[in-house]
Protein chains: 2
Amino acid sequence: MLELDKRFKAAKKSYDADANPLTVLMEITKHCLRKISKEAKSRPHGNIGTKEYWVYEAKKGISRPYLKSLFIPSETDFNERWNLLIANINPDERNIASTSSEVDAVLYTSSMAFAMCYDIWKTSSRKTPGTYLEVLLGSIMGKILPDYKRTKHIPLPNEDETEEGNEESVSTDIVFEKTRANGEIFGLVIPAKITTRERIVQPFAHQRILDGVFGRNRFNSILVCISEMQLDKKKNKVNEICVPGTIRLFQKHLAELTGIYYLDPPTRYLQEDVTRVITIGSVGELLTTRLPKLI
Amino acid sequence: MLELDKRFKAAKKSYDADANPLTVLMEITKHCLRKISKEAKSRPHGNIGTKEYWVYEAKKGISRPYLKSLFIPSETDFNERWNLLIANINPDERNIASTSSEVDAVLYTSSMAFAMCYDIWKTSSRKTPGTYLEVLLGSIMGKILPDYKRTKHIPLPNEDETEEGNEESVSTDIVFEKTRANGEIFGLVIPAKITTRERIVQPFAHQRILDGVFGRNRFNSILVCISEMQLDKKKNKVNEICVPGTIRLFQKHLAELTGIYYLDPPTRYLQEDVTRVITIGSVGELLTTRLPKLI
């Protein structure tokens, strides 16, 4: 894992220096696919409806569950499809000219291969897979939106002159922003989470603060996640942890998110009582057709 | 631990049936104090300023850090001071007629003795110490406010007649509410947390929803916590995890909490840049002098 750690640190450093280290991310994914196929075994671990979830397992541990039909286990297959996806990035149209499901499969494989390696061989670094997702998504979107500035913080105007040194800001995973001729900044706020759990409230709260400080529609939030899957080791099954009532409550009474996008969208959130209130989709839909309308 | 588990389940059942099971809680605390003094050893684990934190340790595990000066290790000493505190509860004045530091010591000992037993002997039940704090605080406050109804949910008025079965509510740990002559409900919303961490946003978000739906000052929130301490096993020290910038941001731009009260208040939060924006105090201060003004 030392090798993987080192490579990801290099990718993160380059990303923080404003680059989009796509080639390094591809190499990391290939390294992960090689490692789990050689050193771990895969087996079914339960279904959600017709969706079949598997895990990788080795002596040292077990991975989170992955959606069998969306994951690309072959290194050469992944390599080819990743290259095609990158070639299909079209900044003029602000999208990726692949099919939506192809985008989901490639990005799901990249983020999950990394996360599953950490699950098995580096359980102490619980937060790193989340950082990987952030770097992956930020780099891909950075290629789609090259004229936007990528940041993590939105400074709030300082009303109180006496408060120097106490500047406030809303901080999230990814922000793409631009400055209008009049100096006003606007942009897209993108919290990127592996799953939401009790963190679901945060993007709504941040959007509420931004609405209050800047007015509506200067900054809009889209929440991007992998899935809401949870491994149940004891019962050899998987659970999908959904809180439709909470999402409806926050969207109606706290602030409006522009959408929630999953690589593996929970079936429950695609039902009418949720989609009537808030846009739910796949990351593939976001990056192939919806993004141009949001930017 | 089977015995402790059984006793707490009984307390919880009685609490959920609207009783204030104070005697059972006292017995549970005495059981915990007996168990840790017999089966575990205490030792220093680091300081924060002049505050000295210790841990209990046994073969099976190590406890969270406790503030030596606030914890009552002796069972008979605790028994006496608990009884005095309960006798000092004065519903007419809506307070406890003890000193503030005495209230902190007794409630800190009760909640921490339970939590430390679970840390050492039942690590699988991570959420139970939080539930214990809720039952302890809800029962004590239930004795102070006997004319209030204790609940956990505030239903929101259903604007949309077509949405039957989709009733919305704000759910938190403890609510004390009353109904005015005109039928309006008002009350005190009390999230009770061992520490806040990334959950700090939740009480602010809930208050914002309540302000939006009911208008200001129908429901007011006070956040009650044990501390913000964290054990650093590897370095044999303790950390105090504080986010003063985040608290200022939420209080100014999301919603106003009526106060945050700790059994062991973090020194950082008692500094002027925080207290200028939000009321911070000890639970003892809340229950001896401040509560009558909030209700």
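In this predicted model, B:D77 and B:R81 form a salt bridge in which the closest N and O atoms are 3.6 Å apart. The two residues lie 4 residues apart in helix α3 (residues 75-87) of chain B, which means that about one helical turn separates B:D77 from B:R81. B:D77 is partly exposed, with a relative accessible area of 32%, and B:R81 likewise counts as partly exposed, at 25% relative accessibility. In chain A, A:D77, A:R81 and A:E102 are joined into one network by salt bridges that share partners.

Over all chains, the structure holds 52 salt bridges. Side chains of opposite charge can pair when their charged atoms come close. The table sets out three of the pairs.

| Pair | N to O distance |
|---|---|
| A:D5 and A:K122 | 2.5 Å |
| A:R268 and A:D273 | 2.9 Å |
| B:D77 and B:R81 | 3.6 Å |

The side chains of A:D5 and A:K122 meet in a salt bridge, at 2.5 Å from N to O. This pair links distant parts of the chain, since A:D5 belongs to helix α1 (residues 2-16) of chain A while A:K122 sits in the loop between α4 (100-121) and α5 (128-144) of chain A, 117 residues apart. Is A:D5 buried or exposed? With a relative accessibility of 14%, A:D5 counts as buried, because buried means under 20% relative accessible area. A:K122, by contrast, has a relative accessible area of 23% and is partly exposed. In the salt bridge between A:R268 and A:D273, A:R268 is partly exposed at 26% relative accessibility, and A:D273 is buried, with a relative accessible area of 14%.

Helix packing can be followed both within chain A and between the chains. Two packed helices are described by the angle between their axes and the distance between the axes. Within chain A, α1(A) and α5(A) pack with their axes 11 Å apart and at an angle of about 45°, so α1(A) is oblique to α5(A). The crossing in which α1(A) passes α5(A) is left-handed. On the α1(A) side, the contact is made by A:F8, A:K12 and A:Y15, and on the α5(A) side by A:T128, A:T131, A:Y132, A:E134, A:V135, A:G138 and A:S139. The residues of this contact between α1(A) and α5(A) comprise 4 nonpolar, 4 polar and 2 charged.

Between the chains, helix α7 (residues 244-253) of chain A and helix α6 (residues 201-214) of chain B have axes that come within 10 Å and cross at roughly 55°, so α7(A) is oblique to α6(B). The crossing of α7(A) and α6(B) is left-handed. Here A:L249, A:F250 and A:H253 in α7(A) meet B:H206, B:I209 and B:V213 in α6(B). In the contact of α7(A) with α6(B), 4 residues are nonpolar, 2 are polar and none is charged.

A further site in chain A is A:F176, found in strand β8 (residues 169-179) of chain A. A:F176 counts as buried, at 1% relative accessibility. Which residues are in contact with A:F176, leaving aside its neighbours within four places in sequence? They are A:G138, A:M141, A:G142, A:L145, A:Y148, A:K149, A:R150, A:F186, A:G187, A:L188 and A:I190. The C-alpha atoms of A:F176 and A:I190 are separated by 8.1 Å, the two residues being 14 residues apart along the chain. A:G138, one of the residues in contact with A:F176, also takes part in the contact of α5(A) with α1(A).

Definitions and conventions: Residues numbered from 1 in each chain as written. Chains lettered and ligands numbered in written order. Predicted model: local features only at pLDDT ≥ 70, side-chain atom pairs only at ≥ 80, totals over all residues. Heavy atoms only, no water. Salt bridge = Lys/Arg side-chain N within 4 Å of Asp/Glu carboxyl O. Buried < 20%, exposed > 50% of the residue type's maximum accessible area, 1.4 Å probe, protein only. Axes fitted to C-alpha atoms, helices over the stretch in contact; angles between N-to-C directions. Parallel < 35°, antiparallel > 145°, perpendicular 65-115°, else oblique. Left-handed = near helix turned anticlockwise from the far one by under 90°. Contact = heavy atoms within 4.5 Å. Nonpolar A, V, L, I, M, F, W, Y, C, P; charged D, E, K, R; others polar.
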